[in-house]
Number of protein chains: 2
Amino acid sequence: MPSLLIRNADWIATQNEKREVIRNASILIRDGVITEIGNRVQSADAEIDGKGKIALPGLINTHTHLSMTLFRGFADDMLLQDWLQKKIWPLEAKHTDETCYFGALLGSAEMIMSGTTTLMDMYFHMDKVAKAVNESGLRGFLSHGLIDFFDQAKARLEQDSTRKFFDFVRTLANPRIRFAVGPHAPYTCSEEMLLWAKEFAEKNGAIVHIHVAETRREQADFQKQHGMRVVEYLDKIGALSKNMLAAHCAWLTKSEIRLLGKAGVSVAHCPVSNMKIATGGVAALPEMFEEGLAVGLGTDSASSNNTLDMFETMKVCALLQKAHRWDPTVLNAQKALDLATIDGARALGVQKEIGSIEAGKRADIILIDARAPNMVPIHGKDTVISDLVYSVSAANVDTTIVDGHVLMQNREIKSLNMDEILPKAQELALQMVAS
Amino acid sequence: MPSLLIRNADWIATQNEKREVIRNASILIRDGVITEIGNRVQSADAEIDGKGKIALPGLINTHTHLSMTLFRGFADDMLLQDWLQKKIWPLEAKHTDETCYFGALLGSAEMIMSGTTTLMDMYFHMDKVAKAVNESGLRGFLSHGLIDFFDQAKARLEQDSTRKFFDFVRTLANPRIRFAVGPHAPYTCSEEMLLWAKEFAEKNGAIVHIHVAETRREQADFQKQHGMRVVEYLDKIGALSKNMLAAHCAWLTKSEIRLLGKAGVSVAHCPVSNMKIATGGVAALPEMFEEGLAVGLGTDSASSNNTLDMFETMKVCALLQKAHRWDPTVLNAQKALDLATIDGARALGVQKEIGSIEAGKRADIILIDARAPNMVPIHGKDTVISDLVYSVSAANVDTTIVDGHVLMQNREIKSLNMDEILPKAQELALQMVAS
């Protein structure tokens with residue numbers, strides 16, 4: 001693999017342990033790994049000019065459903081249950097290998113263009129999603145969504161699908177594509193399914209990706225049905241584990257957060273989707289940090305967000321906590337960027353591989369073009385992080401690099417054929433609605 | 001003035017009375033006025049290809065401080081009073097004609113690139129701001145910020161500045177640049193000043209642009225000092241009027257909203273700035289709508305937002321109301337777009353001139369390039385508005401037209417020299433902080 005030099009970037013937001021921001025330095029990449037950061041004259045097989053640019057770690061989207069990008073804008077401003085039952089579920093029943101594949105390609109393209117380099121997905125037809133993510137060059141953690149609705153026969157079929165998908169991911173032999181187990185939620189999965197998921201994940205060193213406490217209704221229903229809250233239930237049946245990544249966690253008590261902390265569960269916080277669906281509750285991030293939980297950010301799907309833009313999610317995350325707590329200091333720009341980078345990596349258990357720009361880490365790097373009106377002025381080293389969270393737009397992303405491969409440069413996607421994907425995605429979306 | 005044809009736009013979100021969305025149609029502009037919308041073959045002196053694009057009215061930013069764009073990112077994540085006293089006010093004391101001019105040019109450039117065509121400003125060195133906005137081609141309502149701190153001598157000086165600025169605006173002889181009166185806030189202006197502002201505005205057919213009830217502290221202080229709430233005070237002294245545009249209004253009771261409604265006061269709602277500063281209160285938009293108030297959206301300044309991106313503001317506005325009210329239906333995409341277009345025009349009293357794409361209105365039009373991953377798919381006429389609020393990014397704005405003048409095309413600003421403005425703004429910002 002040819003070596004790559006990012007020459008003399010204006011700023012590097014390393015996101016290393018000390019959260020160093022480095023002025024005017026270069027980054028050398030060999031075999032997909034960052035080998036050197038500094039000012040010595042270097043050469044490499046290929047070069048990218050860093051002038052006028054800010055380098056930062058590629059963003060990590062810890063909760064999404066790529067194929068649902070085909071449903072973007074299809075139904076909005078509705079109550080969650082109406083939205084699911086009248087709009088989304090009927091449409092999902094029409095998904096095919098082809099629609100899931102092109103939906104995932106479309107979503108991957110949007111991610112590359114908005115600076116995301118790693119994603120955690122849950123959906124159906126996952127071999128096609130894996131094919132799409134594989135082609136896109138992104139780093140993906142992929143889970144087949146397990147739903148048994150408390151039916152044993154259905155449970156067995158779903159477990160078979162997961163095993164098949166596990167085998168399929170191995171055939172790809174791409175270290176960037178990783179298998180995860182995806183029990184959908186405690187209200188759609190039997191106790192047996194949840195425990196099977198935990199065991200299968202442990203056996204295979206995989207993450208258990210699950211929706212937890214997205215809405216108040218979910219908590220109310222659990223209280224009625226089980227006489228306890230959602231996380232208390234998961235704890236009681238023994239489903240919690242350090243492999244678990246719980247998406248949303250928007251309606252938790254402090255004692256539920258404590259249970260998650262004890263078990264070592266990680267959280268994928270999705271502020272834009274939560275606000276748009278009007279789940280009402282605001283994820284108690286400060287309390288999660290106190291309990292030592294690893295928290296990452298997610299966009300959720302483009303049908304509930306309606307973008308896959310992690311820069312937007314970072315800013316909204318900070319805004320929401322500040323507004324909700326009446327305190328502008330409760331979640332600052334540095335922490336918002338942490339959530340989208342190194343903390344996201346920790347939530348996925350890969351903080352030794354990605355999440356920061358440091359020698360020895362995989363080269364997942366994005367470059368922001370700071371020569372745009374919305375990025376001027378930059379007041380100095382102390383404000384770069386703030387600029388990256390509050391001022392930047394996804395459109396300022398100039399270059400996206402994963403594992404040393406340049407997936408986009410000068411806003412042109414290298415890994416995917418947009419002239420094919422965009423019209424095909426449009427056509428398939430209309431067909432699904434019309435059929 | 002040469003005529004201009006936008007040929008065959010994919011979609012036109014007219015924002016007319018019926019909120020019609022028109023498929024595949026052209027827009028003819030003569031002498032800065034929209035003269036025809038439809039499908040008949042037409043010709044004009046100049047043409048813009050509308051293929052793959054969505055036309056909508058230019059966005060209206062009803063509250064900002066352009067020159068503060070130089071302070072973007074300078075100080076964030078701070079308590080409001082610390083931020084003002086330790087960071088912003090000392091820096092503002094260093095403003096000169098030159099810094100205010102280049103700050104305003106920088107802000108204008110960002111507005112053009114993010115689809116804003118009309119703005120309402122309040123600041124100092126306003127002749128320089130007016131010069132900048134005049135050069136940019138934007139439509140601007142501009143007010144000199146009046147602050148007397150209850151000192152009569154200061155009040156007289158400030159009134160002189162306003163009269164001088166009023167005369168200066170007349171010398172520009174540009175119908176797009178309009179004078180407004182800018183008493184800063186009830187807590188920085190004496191009763192005499194507020195009443196003078198009202199009278200001067202009435203005499204000259206101008207808007208009274210003022211900050212009202214931005215924070216809880218402001219309400220608490222008023223209660224202590226005057227034994228009543230801010231709007232009750234304004235009502236009691238007779239300062240309310242149909243000319244008044246009250247920015248923020250984030251901490252109002254229902255009875256205060258009723259007082260505003262009775263007096264015909266308009267509101268500039270700034271959700272991103274309010275959330276970032278953590279004012280805590282959420283503007284009670286549904287109650288304002290019930291009372292018939294004209295409500296527009298504002299970004300506030302780039303030092304508290306930190307962008308001037310009205311697309312971001314629209315989305316965050318909808319998200320905040322939904323999350324706060326636990327109801328996804330409380331403010332839908334159509335209403336969010338209304339606030340940023342036709343309702344904003346109403347808040348500025350110019351709904352007969354701008355705010356929609358209709359024959360007879362001034363040609364303030366923007367074109368969105370829908371051939372980007374984040375704008376695919378478009379499900380049809382019923383979802384275009386949703387796409388324009390929840391999916392779009394400011395970077396999708398391809399063309400910005402004000403009064404029939406093309407200020408940007410293919411994302412290239414025509415009216416301003418960016419090669420001069422960006423480095424100069426950067427340089428001046430650093431000088432201000434260092435000096």
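**A helix crossing and its surroundings**

A: H12(B) passes H14(B) in a left-handed crossing. The model is predicted. In chain B, helix H12 covers residues 333-340 and helix H14 covers residues 384-391. Their axes come within 8 Å and cross at roughly 70°. That angle makes H12(B) roughly perpendicular to H14(B).

Which residues make this contact? H12(B) brings Ala333(B), Gln334(B), Ala336(B) and Leu337(B). H14(B) brings Ile385(B), Ser386(B), Leu388(B), Val389(B) and Tyr390(B). Sorted by class, the contact of H12(B) with H14(B) has seven nonpolar and two polar residues, and no charged ones.

Pro377(B) sits in the loop between strand E14 (365-369) and H14 of chain B. The peptide bond from Val376(B) to Pro377(B) is cis. Its omega is near -5°.

Now chain A. Helix H12 of chain A (residues 333-340) packs on H14(A) at an angle of about 70°. The two axes are 8 Å apart. H12(A) and H14(A) are therefore roughly perpendicular to each other. The crossing of H12(A) past H14(A) is left-handed. On H12(A), the contact uses Ala333(A), Gln334(A), Ala336(A) and Leu337(A). On H14(A), it uses Ile385(A), Ser386(A), Leu388(A), Val389(A) and Tyr390(A). The class count for the contact of H12(A) with H14(A) is seven nonpolar, two polar and no charged residues.

Where does this crossing sit in the chain? Chain A is divided into domain 1 (4-58 + 356-413) and domain 2 (59-347). H14(A) belongs to the side of domain 1 that touches domain 2, together with strand E15 (397-402) and strand E16 (405-409) of chain A; each of these gives two or more residues. H14(A) supplies the largest share of that side, five residues. The residues on that side divide into 13 nonpolar, seven polar and four charged. In total, the contact takes 24 residues from domain 1 of chain A and 25 residues from domain 2 of chain A. The C-alpha centres of the two domains lie 28 Å apart.

Arg411(A) lies in the loop between E16 and strand E17 (412-413) of chain A. Its phi is near 65°, a positive value in a residue other than glycine.

H14(A) also reaches the partner chain. 52 residues of chain A are in contact with 52 residues of chain B. H14 (384-391) of chain A is among the elements that give two or more residues to the side touching chain B. The others are helix H2 (97-113), helix H9 (271-277), helix H11 (310-325) and helix H15 (418-434) of chain A. H15(A) gives the most, with six residues. By class, this side of chain A has 29 nonpolar, 13 polar and ten charged residues.

How do the two chains relate? Chain A can be laid on chain B by a turn of 180° and a shift of 0.0 Å along the axis, with an RMSD of 0.0 Å. The two copies are thus related as by a two-fold rotation axis. Ala395(A) has the C-alpha nearest that axis in chain A, 2.8 Å from it. 100% of the interface residues of chain A are also interface residues in chain B, so the copies meet through the same surface.

Take H2(A) first. It packs against helix H3 (residues 126-136) of chain A at an angle of about 35°, with the axes 8 Å apart. This crossing is right-handed. H2(A) contributes Asp97(A), Cys100(A), Tyr101(A), Ala104(A), Leu105(A), Ser108(A) and Ile112(A) to the contact. H3(A) contributes Lys128(A), Val129(A), Lys131(A), Ala132(A), Val133(A) and Ser136(A). The contact of H2(A) with H3(A) has eight nonpolar, two polar and three charged residues.

Then H11(A). Asn306(A) lies in the loop between strand E13 (295-297) and H11 of chain A. A cis peptide bond joins Asn305(A) and Asn306(A). Its omega is about 10°.

Back to H14(A), to close. It crosses H12(A) with a left hand. It gives five residues to the side of domain 1 that touches domain 2. It also gives two or more residues to the side of chain A that touches chain B.

Conventions: Residues are numbered from 1 along each chain as its sequence is written. Chains are lettered from A and ligands numbered from 1 in the order in which they are written. This is a predicted model: local features need pLDDT of at least 70, side-chain atom pairs count only at pLDDT 80 or more; totals for chains, interfaces and linings use all residues. Copies are superposed by least squares on the C-alpha atoms of residues with pLDDT of at least 70 in both. Two residues are in contact if their C-beta atoms, placed from the backbone, lie within 7 Å. Helices (H or I, at least four residues) and strands (E, at least two) are DSSP runs, numbered from the N terminus. Ala, Val, Leu, Ile, Met, Phe, Trp, Tyr, Cys and Pro count as nonpolar, Asp, Glu, Lys and Arg as charged, and the others, Gly among them, as polar. Axes are lines fitted to C-alpha atoms, for helices over the stretch in contact, and angles run from 0 to 180 degrees between N-to-C directions. Angles under 35 degrees count as roughly parallel, over 145 as roughly antiparallel, 65 to 115 as roughly perpendicular and the rest as oblique. A crossing is left-handed if the near helix is turned anticlockwise from the far one by less than a right angle, and right-handed if clockwise. Domain bounds come from an automatic or database domain assignment.
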